[in-house]
Amino acid sequence: MTSRIPRDSRLRLVRPRPLAAAPTAVNQRRPRRPAPRPPEGTPAPAELARMARRGLAGAARVAHWADGALGPGRNGAGSDGNGTLSDETAARAAEDLGLTPAQVRADWDTARLAGLVEVHGDNARPGWRLRAWDRDDSAVLRGWVALFDAWSLAFPEPTDREPAAVAEVVSAMPQVLSFLQLSAGPVPVEQLLDLLEQRVTELRTERCEIPYGPQPEPVEEPETADAPLAPLLDWALRALASVGALTYGDGQATLTPLGNWAVWVKLEQICVAAQSPAGNIEVAAEEMLRGCAQLRPNAARAEYRAWLAARPVGSAVTELLGAARGDDALLRGLAFEALRVVGAPAEPDVRSVADEPTLRPYALLWLAEHDGIDPEDAHEVLTREEATWLWVDTAAAVADHGEAPMLVRHLESAVQPTVPQLLDEVRAVGHPRTVQVLVALAAAHPDPALAKAVRRAAFQVHTGG
């Protein structure tokens with residue numbers, strides 16, 4: 001009686017697809033919400049992109065200069081690890097571009113905030129937006145929105161004010177911007193100051209905690225509650241004007257077309273999330289990701305953007321990585337899809353988890369794509385062992401949340417050319433879900449001989465053989 005175990009069952013090699021891109025049993029078609037229309041009078045995206053290119057022309061010029069003059073792999077940043085241009089490099093750029101070193105430094109800082117330049121340790125290199133600057137309007141607008149989001153870093157904050165008061169004003173400015181957007185015209189600064197004071201008072205009330213038990217006598221501390229907010233509002237409006245979000249002068253402020261559009265986009269994102277059945281804007285990362293597992297990729301990305309818009313980037317990234325460390329492999333893949341939406345601000349945190357075995361393959365793929373490698377080729381940064389581990393982890397997600405035919409099709413994404421090689425390497429990689437994945441694959445596969453080989457491999461892993 002001859003063995004029916006396949007000796008050389010060739011697998012068709014295909015590039016692995018992101019898990020979120022594959023249809024699953026839980027992917028249900030939901031009625032599409034009509035595409036929202038921007039406020040009347042908002043310029044077309046192409047015109048908005050032209051405005052953004054004009055506003056960021058100096059930053060793009062310095063970034064292009066650095067790309068050509070410094071060359072790949074050269075150190076064009078300072079040695080402090082903060083991406084600051086060295087004096088020598090700033091002087092050289094100033095001479096080549098006909099600018100002053102101060103102008104070069106200002107344009108360089110803007111390029112960094114807009115993602116035209118990405119800083120990695122002591123080195124800086126062109127961002128992907130710079131590569132697409134002349135041909136991709138969406139990349140230009142995303143770069144400008146990244147600068148808009150970083151307005152508080154684009155203009156020196158007052159040194160004579162308490163940091164807590166500055167932080168309160170930064171937290172309150174979204175409401176001020178929303179009011180400007182709804183007003184659709186110039187607003188007196190006195191009116192904005194009144195709104196800012198109300199919002200800061202609300203923020204202080206929200207974080208007020210009532211202590212229990214006997215309390216010591218209050219200690220006299222520097223008061224920020226009674227500090228006037230007018231100078232801080234002046235700083236905030238000047239900072240927003242410096243990034244092109246508004247015009248400020250003659251005792252009034254007005255959103256520019258770009259600023260009006262950006263505020264509308266962010267309000268729309270929050271409204272979309274608030275109207276979603278899962279209420280994703282309010283929930284923790286894990287629950288949000290579970291809700292997004294039911295959506296198609298484009299709809300899921302919209303949910304990620306809305307969820308991210310409602311919370312600080314740092315805490316959002318921490319939450320997403322926490323969800324990725326859990327036992328559910330589907331959430332792990334979706335968490336890194338959400339981190340792709342975060343983009344450059346997530347890079348230090350993603351890099352810091354690249355040594356964690358559970359997250360390493362996902363982190364390496366994320367970093368490769370962040371560094372400009374085509375997503376179709378990013379898998380080449382993985383070792384054979386890492387690719388196999390990722391194959392098992394993705395199979396675990398499919399087994400838990402997908403359909404049997406999808407698990408069978410998942411064989412096509414294996415890097416191994418034959419089933420026996422795949423089974424040998426899967427057994428050796430040591431993934432904690434190996435047994436469950438192999439048992440599920442054996443139950444799903446229609447080929448009796450292959451199913452028998454997979455069941456045998458599962459038994460050997462289970463028994464340690």
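Predicted model: local features only at pLDDT ≥ 70, side-chain atom pairs only at ≥ 80, totals over all residues.
Residues are numbered from 1 along each chain as its sequence is written, and side-chain values use heavy atoms, with hydrogens and water left out.

Strand 4 (residues 246–249) pairs with strand 5 (residues 252–255) in the antiparallel sense over 4 bridges, where pairing requires that DSSP finds at least two bridges between the strands. The two strands form a hairpin with 2 residues between them, and Asp250 in that turn has a positive phi of about 55°.

Turning to the helices, the axes of helix 14 (residues 313–324) and helix 15 (residues 329–342) come within 8 Å and cross at roughly 160°, so helix 14 is roughly antiparallel to helix 15, a term used for angles over 145 degrees. On the helix 14 side, the residues making the contact (heavy atoms within 4.5 Å) include Val317, Leu320 and Leu321, and on the helix 15 side they include Ala335, Phe336 and Leu339. By class, this contact has 12 nonpolar, no polar and 1 charged residues.

Finally, Leu308 belongs to helix 13 (residues 297–309) and is buried, with a relative accessible area of 15%, buried meaning under 20% with a 1.4 Å probe and protein chains only. Leaving aside residues up to four places away in sequence, Leu308 touches Ala316, Leu320, Ala338, Val341 and Val342.

How values were computed:
Axes fitted to C-alpha atoms, helices over the stretch in contact; angles between N-to-C directions. Parallel < 35°, antiparallel > 145°, perpendicular 65-115°, else oblique. Nonpolar A, V, L, I, M, F, W, Y, C, P; charged D, E, K, R; others polar. Buried < 20%, exposed > 50% of the residue type's maximum accessible area, 1.4 Å probe, protein only.
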